[in-house]
Amino acid sequence: MRKRELAGLAWAITGSGVFLEESLQVIKALRDRGFSVTVFISRAGEEVLGMYGLTSRLESIVKGGYPNEVVYEREEGFSYPRAGRVYKGVYRLLVVSPATLNTVSKIVNGIADSLVSNLASHFIKAGLPVFIVPSDLTETISVIPLAVERELCSKCPGCVAADVCPTGALRRDPFFKVKVSLLLCTQCGLCVRACPFNAIRMNVEIKVKPNPYYLAIIRRLNDIPRVKVLDHPSRVLDEIKEIEGAG
């Protein structure tokens with residue numbers, strides 16, 4: 001396939017922080033190279049994008065003429081009508097990155113009851129390529145957008161950090177001193193600067209190791225025709241280059 005034949009790509013994002021930033025980088029690289037991209041976001045994916053403060057950035061990267069857009073699962077009802085574009089030749093391939101184990105499990109078992117699993121099902125039925133980047137395939141470094149160091153927090157008689165939070169993402173609690181709601185956090189950083197004991201941390205790195213049971217489920221993707229498992233979002237660019245070169 002030549003580049004013009006690959007002009008339409010569908011990219012699906014599910015609810016994982018692993019490979020989320022890297023996925024946006026690849027989507028930008030594709031847009032910069034002239035590819036059109038529709039990004040389909042699961043309900044959990046929308047929440048996680050918000051937690052990491054990436055929603056506006058993604059929409060800015062993708063915006064453009066049809067079919068460049070962000071499609072949210074909450075907008076699609078239960079019939080997912082825009083998945084029908086697969087049969088109209090709008091898209092030449094699907095990328096699911098990051099792909100949670102929940103989504104992977106649905107795909108390998110032929111379940112299509114969510115936006116992303118339904119989309120994957122249509123691509124598979126149409127015989128089109130599907131690249132999947134599972135978040136549980138290898139040991140990775142993930143990032144928690146906002147965390148409270150409880151040992152440091154216990155030194156404080158009140159919570160000035162909660163007082164300055166404009167969204168209520170931090171709130172006082174008699175048992176926890178302060179509670180965090182990542183769904184409300186906009187990563188403004190006011191709480192970090194206000195805390196006198198440096199107990200509030202942003203973008204805390206954690207190591208995530210794959211479970212052998214999960215790996216066995218992911219390996220089942222290899223049994224599905226035209227589905228390919230990739231270990232990193234950047235591999236999508238390599239795969240597209242190979243397809244272009246073979247055209």
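The buried residues of helix α3 pack against β1 (8-13), α1 (20-32), β2 (36-41), α2 (43-51) and β3 (69-72). This is a predicted model.

**Helix α3**
- Helix α3 spans residues 55-62, and its buried residues are Leu-58, Ile-61 and Val-62.
- These residues lie on the same side of α3, because they cover an arc of only 90° around the axis.
- An α-helix has 3.6 residues a turn, so residues three or four places apart point the same way.

**Nonpolar cores**
- In soluble globular proteins, nonpolar side chains tend to be buried together.
- The largest nonpolar core here holds 32 residues.
- Within this core, Trp-11, Ile-13, Ile-27, Val-39 and Leu-58 touch the most other members.
- Helix α1 is the top contributor to this core, giving five residues.
- What does Ile-13 contact, leaving aside its neighbours within four places in sequence? The list includes Leu-20, Leu-24, Ile-27, Val-39 and Leu-58. Ser-97, Pro-98 and Val-116 are also among the contacts of Ile-13.

**Helix α4 and Thr-103**
- Thr-103 sits in helix α4, which covers residues 101-108.
- Is Thr-103 buried or exposed? Thr-103 counts as buried, because its relative accessibility is 6% and the cut-off for buried is under 20%.
- Not counting residues up to four places away in sequence, Thr-103 touches Thr-14 and Val-116.

**Helix α9**
- Helix α9 runs over residues 212-219. Its buried residues are Leu-215, Ile-217 and Ile-218.
- Seen down the axis of α9, these residues fall within an arc of 160°, so they line one face of the helix.
- The face turned away from that buried side carries the exposed residues Pro-212, Tyr-213 and Arg-219.
- The cover over the buried residues of α9 includes α4, β5 (130-134) and β10 (227-229).

**The largest pocket**
- The volume of the largest pocket is about 160 Å³.
- Which elements give two or more residues to its lining? They are α1 and β6 (140-148).
- Lining residues include Leu-20, Glu-21, Glu-22, Ile-141, Ser-142 and Val-143. Gly-17, Val-18, Phe-19, Tyr-52, Leu-54 and Asn-203 also line the pocket.
- By class, the lining has seven nonpolar, three polar and two charged residues.

Terms used
Residues are numbered from 1 along each chain as its sequence is written. This is a predicted model: local features need pLDDT of at least 70, side-chain atom pairs count only at pLDDT 80 or more; totals for chains, interfaces and linings use all residues. Side-chain values use heavy atoms; hydrogens and water are left out. Buried means under 20% relative accessible area, exposed over 50%, partly exposed in between (1.4 Å probe, protein chains only). Helices (H or I, at least four residues) and strands (E, at least two) are DSSP runs, numbered from the N terminus. The arc is that of the directions from the helix axis to the C-beta atoms. Contact means heavy atoms within 4.5 Å. On a 1 Å grid over the protein atoms alone, a cavity is a set of points where a 1.4 Å probe fits but cannot get out, and a pocket is an open set with protein on both sides within 12 Å along at least five of seven lines; lining residues have an atom within 4 Å of a point. Grid points are joined across faces, edges and corners, and a volume is the space filled by probe spheres set on the points. Ala, Val, Leu, Ile, Met, Phe, Trp, Tyr, Cys and Pro count as nonpolar, Asp, Glu, Lys and Arg as charged, and the others, Gly among them, as polar. A nonpolar core is a set of buried Ala, Val, Leu, Ile, Met, Phe, Trp, Tyr and Cys residues joined through side-chain atoms within 4.5 Å.
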